[in-house]
Amino acid sequence: MEHFKSLLANDLLFTATDEFCKALALYIAIGLLAWKLYPKTSGFRREMLFFTLLSVTVTSSVQLAGVLVVFVLLIAPILVASMQTKFPLYPFAVAFGWSFSIIAIILSYFADLPTGYTIAALGALSTLMAVLVLSPKKETTIE
């Protein structure tokens, strides 16, 4: 049951140093491959490289942070960023993801809550509120 709970949302504040260093080395390697190799490829090879890097990243991230945290960080920022029109897409998505993650980590620390679940819950709640605010309004007519 403990292993299942850690697969859902792991407690990030208590990640072992060796696990952190392994993940950091892997993400640096993935980042370098994406930076150097991705722009030089095209077509099918480019798609294969992207999905290979994505699958390695998601698999290692799920082991470290948990399914709920990984997918709220993958989906929520780009969903909210794609609904707004004032700011550039990528910087807005990064700012949105960072803001709810940092607030959730601070909240989990001071309220003694599990970090992974707090990130997932705050990410989902802030995304829901942003979608409700940013969704196009439809005019209703009374006949």
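Ser108 counts as buried because its relative accessibility is 2%, where buried means under 20% relative accessible area, exposed over 50% and partly exposed in between, with a 1.4 Å probe and protein chains only. This is a predicted model, in which local features need pLDDT of at least 70 and side-chain atom pairs count only at pLDDT 80 or more, while totals for chains, interfaces and linings use all residues. Residues are numbered from 1 along each chain as its sequence is written, and side-chain values use heavy atoms, with hydrogens and water left out.

Helices here are DSSP runs (H or I, at least four residues), numbered from the N terminus. Leaving aside neighbours within four places in sequence, Ser108 is in contact (heavy atoms within 4.5 Å) with Leu13, Leu113, Pro114, Thr115 and Thr118. The C-alpha atoms of Phe44 and Gly123, which lie 79 residues apart along the chain, are separated by 34 Å.

The axes of α2 (residues 17-36) and α3 (residues 43-65) come within 11 Å and cross at roughly 165°, the axes being lines fitted to C-alpha atoms over the stretch in contact and the angles running from 0 to 180 degrees between N-to-C directions. α2 is therefore roughly antiparallel to α3, a term for angles over 145 degrees. From α2, residues including Leu26, Tyr27 and Ile30 take part in the meeting with α3, whose residues include Leu53, Val56 and Leu64.

How values were computed
Helix = DSSP H or I, 4+ residues; strand = E, 2+ residues; numbered from the N terminus. Parallel < 35°, antiparallel > 145°, perpendicular 65-115°, else oblique.
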